[in-house]
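Reader: Please show me the sequence and the model. I have some questions about the fold and its links.

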Amino acid sequence: NGYYTNEEFYSYTNDKGPLYSSGTNKDLFNRCKTSCFDPATERKRDKFLWYITADDFPMKKDCRWLQKRSNAKQKKICLNANLSARGFSPPSKVCPVTCAPYV
């Protein structure tokens, strides 16, 4: 019993999941709104579509990978708005903090 977020499965009792609720504040709407949709935050493991291979396989990368690229590569990747398909958002939306200087 659980849910998927960014291709990762979480049980409802997993304290690492974005919808985990403990203590007296059980307001899952505000918890998810803050952790899932706040444009000023990014999680290192969130994935974006990097490119699609010649045999039509989606290659994905995460924000941690993007942070390790040079500034020139980050700029090139962040400005490529075509990197969204198959349910993946472009890097500028997935990694807004890393891409902020370039968009």
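Author: A disulfide here is a pair of cysteine sulfur atoms within 2.5 Å. This is a predicted model, in which local features need pLDDT of at least 70, side-chain atom pairs count only at pLDDT 80 or more, and totals for chains, interfaces and linings use all residues. Residues are numbered from 1 along each chain as its sequence is written, and side-chain values use heavy atoms, with hydrogens and water left out.

Reader: What share of the residues is buried?
Author: Buried means under 20% relative accessible area, exposed over 50%, and partly exposed in between (1.4 Å probe, protein chains only). The protein has 103 residues. The buried share is 28%.

Reader: How much of the accessible surface belongs to carbon and sulfur atoms?
Author: Accessible areas come from the Shrake-Rupley method with a 1.4 Å probe; for residues, only the protein chains shown count as cover. The total for the protein is about 7,100 Å². Of this, the part belonging to carbon and sulfur atoms is 52%.

Reader: Of the contacts with a separation of 6 or more, what percentage joins residues 24 or more positions apart?
Author: A contact means heavy atoms within 4.5 Å. Among contacts in the protein with a separation of 6 or more, residues 24 or more positions apart account for 39%.

Reader: How far apart in sequence are the parts that Cys63 and Cys95 tie together?
Author: The structure holds 2 disulfides. In the one formed by Cys63 and Cys95, the sulfur atoms are 2.1 Å apart. Cys63 lies in helix α2 (residues 63-67) and Cys95 in the loop between α4 (91-94) and α5 (96-99), so the tied parts are separated in sequence by 32 residues.

Reader: Why is the disulfide of Cys63 and Cys95 given its handedness?
Author: Both Cys63 and Cys95 are buried. The torsion about their S-S bond is about -95 degrees, so the disulfide is left-handed.

Reader: Which helices does the pair Cys78 and Cys99 link?
Author: Cys78 and Cys99 form a disulfide with sulfur atoms 2.0 Å apart. The link is left-handed, with -75 degrees about the S-S bond. Cys78 and Cys99 are 21 residues apart, and their link joins distant parts of the chain: helix α3 (residues 71-79) and helix α5.

Reader: What is the pairing of the bonded cysteines in sequence order?
Author: A disulfide is a covalent bond between the sulfur atoms of two cysteines. Here the bonded cysteines are numbered in sequence order. The pairing is 1-3, 2-4.

Reader: Which residue forms a salt bridge with Asp46?
Author: A salt bridge is a side-chain nitrogen of Lys or Arg within 4 Å of a carboxyl oxygen of Asp or Glu. The count is 2 by this rule. Asp46 is buried at 13% relative accessible area. Its closest N and O atoms are 3.4 Å apart in the bridge with Arg43.

Reader: How does Arg64 count by relative accessibility?
Author: Arg64 meets Asp62 in a salt bridge (3.2 Å, N to O). Asp62 is buried, at 11% relative accessibility. Arg64 has 37%, so Arg64 counts as partly exposed.

Reader: Which type of ring pair do Trp50 and Tyr51 form?
Author: Rings of Phe, Tyr and Trp (its six-membered ring) pair if their centres lie within 6.5 Å; planes under 30 degrees apart count as stacked, over 60 as edge-to-face and the rest as tilted. There are 3 aromatic pairs by this rule. For Trp50 and Tyr51 the centres are 4.8 Å apart and the planes at 65 degrees, so the pair is edge-to-face.

Definitions and conventions: Helices (H or I, at least four residues) and strands (E, at least two) are DSSP runs, numbered from the N terminus.
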